Amino acid sequence: MDGRAQNIPAVLRMLLGLVVLSTVTGLLMAGIAVPAIGASGQAAKSGVEFFNDLPSEFTVSPLAQQSRILDSKNKLIANPYDENRIIVPLKKISPTMRNAQIAIEDARFYEHGGLDLRGFTRAVVSNAQGGDVQGASTLTQQFVKVTLQEQALRAGDKEAAAAAVTKSYARKVQELKYAVNVEENFTKDQILEGYLNLVYYGDQAYGVEAAALNYFGVHASELDLAQSALLAGIVQQPGRYDPIINPKQSKARRDVVLTRMGQLGMASSEDVAKAKKTKLEDMIKKKPVKGVCHRSKQPYFCAYVMAYLQHSPEMAMLGKTPEERLKRVNQGGLTIRTSLDPDMQKIAQEEIEKAVPVGNKSNLGGAVTLVEPGTGRILAMAQASDFDKNQTNVNVDKVYGGGDYGYQFGSTAKVYGLVTALEQGMPLDGKIQVPFATNTVDATFDGPKVVGAPCGANEPWKVGNDYPIGGRQMTLSEGISKSVNTWAAQLSITVGPCNVLKTMEKMGLRSGDGKPIEGGLSNATLGTGTTTPLSLANSYAVLAASGKRCDPSPIVSITTPDKEEIEVPAPKCEQAISKDTADGAADLLKGTLRNGGTADGLWNVGERPAAGKTGTTDKHNQAWFAGFTPQVSAAVWIGNEKVADKNGKFYSLNGKCFGTYGCFSNVFGGTVSAPVWAAVMKRVTKGMPTKDFPAPSDKVKNGNLKEIPNVYARSIESAQGILKEAGFSSQVLSQINSSAPYGTVAGTAPKDRAVEGATVGLYVSLGPARKASKPVTTNPEPKPRRPRGTPPPKRD
């Protein structure tokens, strides 16, 4: 009695299985939808109604596949993906691979119409007897199942993904109905192609092309018999038969596939025997798995591009949110062409590593970015560090993978005061009175234009020079080429530090957090704010492009797998400063590279015109050089990666060693950064047409000066009032012999004209018969000395 009771569930399962088999078989053979005529009993009727109510239209969505990021010469930079899949047509899959998959999964694939009755009958009987829902799925049914799962996962529907592979009669019947629909709408070759591109081959490889490259380093079209059998055997249980994790099981499964191929006449007995002798370790040529950009030869640029695609406002066509954009990049099979020049990139990487060895123990970092003036296209982006250990890209803003703020940029900031002066009408040969200072004796800047002034200082501002200089009139050319701090300070006060900061913003310079450079005189004049090499190089490119500023961009074009172009906005460009000003500034900045400049001896300006500026920060913490030719703008940063110790004390570059450049007791922007810039630029511009910047116009040469009122023989108080009313400030310079009455104004500096708002110097008369005293507010400028036989130091 108990035994018979135990057998009842098995009998019921047997009967139910036979009903399902007869019903489904009849329905499939009759054309899917039929009335419940001839069915025996309510079970059959319910089965027919259930079957007719199932959806029959099966839609195949495009598969998720990896995208490609290419350089300007169509060389691969990276393959971003969620699923490592490369879709290929059937003709690019070797015949042995096609046969291997058919042999082990569905030998009668080309004979049935989606349902293999022989296998299905065997499975139903087995399932009915044992209670476990077994397979017997045709290759078409498997294609349906995996497609449903894939589409659900892409939609983020985990419940639907689980339902697609659950073991139940309902799911199996729905799968059958879809399979028949697929067979009606696609050819066998199309189904096989879809299957081979869809299924998972273990080790994060989806589809046969990605699997072939992953395991063997060959394309699917090149797979031999042993390789094909190994891959085909993985599909049934990817974890169990993964050749990396379980090589013994994988080899055994491979040999099963080979045996089956021999039985079916798909391979000769000799070829099967030879393939079985192939050792698994001799077949696998897999490299260690790494992240998308970790695998790239240009990892920092790769990471920048990935971040740019997700966060740049210009990439809105890829999605509304960073998450949507990343999903499209990782799954959309896009071809993303960038502006990176692989030759320039190689040169930049080589040269920066010569000065800053990767893995050095000196807290030393280095980076260089090259930009194309007039377009904003990024040509190269190199960094002297190990991406596996440090993913922070110091070349770019924080939002694109950079640090929090960037680094102080030192005297490269002086360019913006120069540009502001030219914009306000100061002529190219304009002069200003420059206070004297040394590296130990500071000049003090005081008065209403400094203390408490907008963008000024909270207290009298003390500024020193790298060596004794000042106490006289100085031209724009001398001040910028020698990088005189007191000259730059006086110039900022003259033109207005707020105006200098506005010039920085107009020319595209910003901090590493993406915000404009803000602050007071020190930020506007001496670069105590922070920035990045990309921002600085792109900002200097404005001068190379005659005042045209373009937003930096690494993206040239994006196409879909169907070769359709996704419209990529052209870089936004505008005339940031006047052409006259830009051309005039470029002409003056040539002086940095000429004799007497802070980077002299590194570049022949007469042979290939170039211009630039050195930069050294306080305490010699960071060193820069930014410069340009008409075709390329580049910024080089070499400095302390960690700015200060835990007590806030700044680290110094002084005394450090810089690879092949050697060791230096005093490090300036002209010491190593400028030589690296010159080495990079000489190589990248080789072969380019030699071009000069446009000659400065008469307008910028002559400036827009205002007449200085005649204050001769006036009292100092009266003269200052007249000058103030005319729009000038003033200061007493020194006493001189003059026919003017004693104590009155004997002359001015400048003599006749000056930019409105400029500081006019006053000479005070001693009378006609007195000997002139030393200047009352300045010091003489002694000639710098250096030991015999030593070259002049590269200063900032």
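Five bridges join strand S6 (residues 364-371) to strand S7, and the two run antiparallel. Strands and helices here are DSSP runs, numbered from the N terminus (helices H or I, at least four residues; strands E, at least two). Two strands pair if DSSP finds at least two bridges between them.

This is a predicted model: local features need pLDDT of at least 70, side-chain atom pairs count only at pLDDT 80 or more, and totals for chains, interfaces and linings use all residues. Residues are numbered from 1 along each chain as its sequence is written, and side-chain values use heavy atoms, without hydrogens and water.

**The sheet**

S6 and S7 belong to an open sheet of five strands, in the order S7-S6-S20-S19-S18, with antiparallel pairing. Its edge strands, S7 and S18, each pair on one side only. From one strand to the next, the twist averages 5 degrees. Helix H24 (residues 673-684) packs on the sheet and touches S6, S18, S19 and S20. A contact means heavy atoms within 4.5 Å. The direction of H24 makes about 30 degrees with that of S19. Axes are lines fitted to C-alpha atoms, for helices over the stretch in contact, and angles run from 0 to 180 degrees between N-to-C directions.

**Confidence**

pLDDT is the predictor's confidence in each residue, from 0 to 100. The protein averages 87, and 84% of the residues score at least 70.

| Stretch | pLDDT | Contacts in the model |
|---|---|---|
| Residues 27-45 | under 50 | 21 contacts beyond four places in sequence |
| Residues 774-792 | below 50 | 24 contacts beyond near neighbours in sequence |
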